[in-house]
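Dear colleague,

I am handing over the structure we spoke about, and you will find it directly below. After it I have set out what came up when I went through the coordinates.

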Amino acid sequence: MTDVRIPILIIGGGPVGLATALFCGRRGVRTMVLEKRDATSMLPRAPGLQARTMELFRAAGIGKEIRALEQGNSHEYFEGGIIKVDTFADIDNAELLESPTLDGETVSPERVMGCGQDRYEKVLVAKAEEFGATVRFTTRLISFEQDDEGVTAIAEETRTGERFTIRADYLVGADGAGSGVRTALGVERTGRGTVFNALSIYFRAPELEGLLKDKKFILCYASAGGSLMGLSRLHGRDPWLAAPIYYPEKGEKPEDYTDERCVDIVRRAAGKDIDVEIFAKVPWQGAQLVSETFRAGRVFLAGDAAHVHPPAGGFGANTGIHDAHNLAWKLAAVQDGWGTDALLDTYDAERRRVGTAMSEQALVRNRIRHGYATDQDKKDFVDDVIITLGYRYRSSSIVNPEDTRVLTPDLVLNGEAGTRAPHVWLSRGDGTISSIDLFWDDFVLLTGPDGGPWAEAAKEAADRLGVPLRTYAVGPGEELSPVDRDWAEVYGVGPGGAVLVRPDAFVSWRAVGPVDDPKAVLGDVIARASGLTTGESAPAV
């Protein structure tokens, strides 16, 4: 007997699972989230929110709530980069290891932000529930089975031991690096495995701020004692986070790190006998592993359940939230009746390539920061803004991509198929919006003032195929008028050109100029982009 029926069942109530529920709910799709913890995180983990992540929260209508969590101007800390010292007392002689580009006025309407998981998880829960999600803490997944019509799961309320059955159309495993969902599916992982072992030490030390002399940085490594210890301050408040490395091959284990020993580690790194109060200790592994598939029938993997990598770069939670968004709009399309199984397949095709690239870049950064990077590592390194905003998709939903690499040496956001649509400020009515604000529920066709034939063809094809689509003419005197830059130049089109953008703000297709038969072209393109057909190519334009 089924106790609960729900379209989407999500396992894992961390940032990725909650973001999946939020993004689905914002599109009118009900979800249930099962989380074995008894509440949201109490620790300021994953403290950096990338510009792309903030764009997704902005599009979901919660950008202001998340931004309100920022304490002071956290952007100053990102601008300080990654530094290295002997001890924190020697901050005046800090060595700059990395100075990453993370955002920019012409790159995104949003900027990076420092905020601990302990704060933004609460907002994600509240907003997901507001949009119709059921979030159940102290509840764990016992087992699940899938068939042609859906997934049947058995869950347990851990406080009472009560078990109940859930029937869902789809299941999303966002249950972390040790994912029980992935294990049950029998999905293997490939990669370099564990690279190092570390212990996150959360502590309070009032004197530390004085030692650091208000130095702004994302991460500061102290090398005193012969082993690097990283110190993060992005979450904007106590407790501080330090992460010393330990070595199991030398017989070391987390249990050896008593509070007294952790105090000594912090003091040695500080270079002064300061007062230290240990708040919490969490052991973890820096590993590089990617699941061989992110989809198995009606079950999907997202976040650390799909890909894990060292924290260098802060890509983990952010990449997982990007997974959630990519998957959510496609699941919503299926629930709305116009999405297809082929469209769901593009989740694996797109996000697995990105997850692999992200994990490789995190590994490169880890080698550089720890001083054993090869010449090839240094050659492979690309700037953070390319990894967070410049990654490219390749799938059947991306029509005629010009460059199929996941990451390019330089940031390219010029309207090419497979890239995130460029950000341009536009006037609309009495206000100003970003072009990014146009993309959420529907496909969007952008043209210039002379793009009438494209708009007519797009509407006809979308109506015939049942695909939600809006069209906009951009130019002086139109509903949307560029404010800062020529939109056509930025999007790489000339007079009579057009750009088709997906609900996730990624360009699906672009025509530089007009064609003889726009109806024939767009009929094929929209069918491809929405997963109704999966041909290898479309008519060149």
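To begin with the charged side chains, K250 lies over the face of Y247, at 4.5 Å from the ring centre.

As to confidence, the protein chain averages a pLDDT of 92, and 97% of the residues score at least 70. Over residues 536-541, however, the pLDDT is below 50, although this stretch has 18 contacts in the model beyond near neighbours in sequence. Where pLDDT is low, the predicted coordinates should not be read in detail, and I would ask you to treat the contacts of residues 536-541 with that caution, given their pLDDT below 50.

On the aromatic side, the count comes to 14 aromatic pairs. One of them joins W338 and F443 in an edge-to-face arrangement, with 5.9 Å from centre to centre and 70° between the planes. Because W338 lies in the loop between helix 9 (316-336) and helix 10 (341-369), while F443 lies in strand 21 (residues 443-447), the pair ties together parts that are 105 residues apart in sequence. Both partners are buried by the cut-off of under 20% relative accessible area, with W338 at 9% relative accessibility and F443 at 2%.

Turning to the strands, there is an open sheet of three strands in the order 20-19-23, with antiparallel pairing. Strand 20 (431-434) and strand 23 (481-482) stand at the edges, and each has a single partner strand, so one side of each is left without a neighbour in the sheet. Strand 19 (residues 425-428) pairs with strand 23 in the antiparallel sense over two bridges, and within this part of the sheet L426 stands opposite P482 of strand 23. In general, strands of a sheet pair through backbone hydrogen bonds, either parallel or antiparallel.

The structure holds zero disulfides. C24 is buried, with a relative accessible area of 0%, and C115 is likewise buried, with a relative accessible area of 0%.

With kind regards

Methods:
Residues are numbered from 1 along each chain as its sequence is written. This is a predicted model: local features need pLDDT of at least 70, side-chain atom pairs count only at pLDDT 80 or more; totals for chains, interfaces and linings use all residues. Side-chain values use heavy atoms; hydrogens and water are left out. A disulfide is a pair of cysteine sulfur atoms within 2.5 Å. Buried means under 20% relative accessible area, exposed over 50%, partly exposed in between (1.4 Å probe, protein chains only). Two strands pair if DSSP finds at least two bridges between them. Helices (H or I, at least four residues) and strands (E, at least two) are DSSP runs, numbered from the N terminus. pLDDT is the predictor's confidence in each residue, from 0 to 100. Contact means heavy atoms within 4.5 Å. Rings of Phe, Tyr and Trp (its six-membered ring) pair if their centres lie within 6.5 Å; planes under 30 degrees apart count as stacked, over 60 as edge-to-face and the rest as tilted. A charge sits over a ring if NZ of Lys or CZ of Arg is within 6 Å of the ring centre and within 35 degrees of the ring normal.
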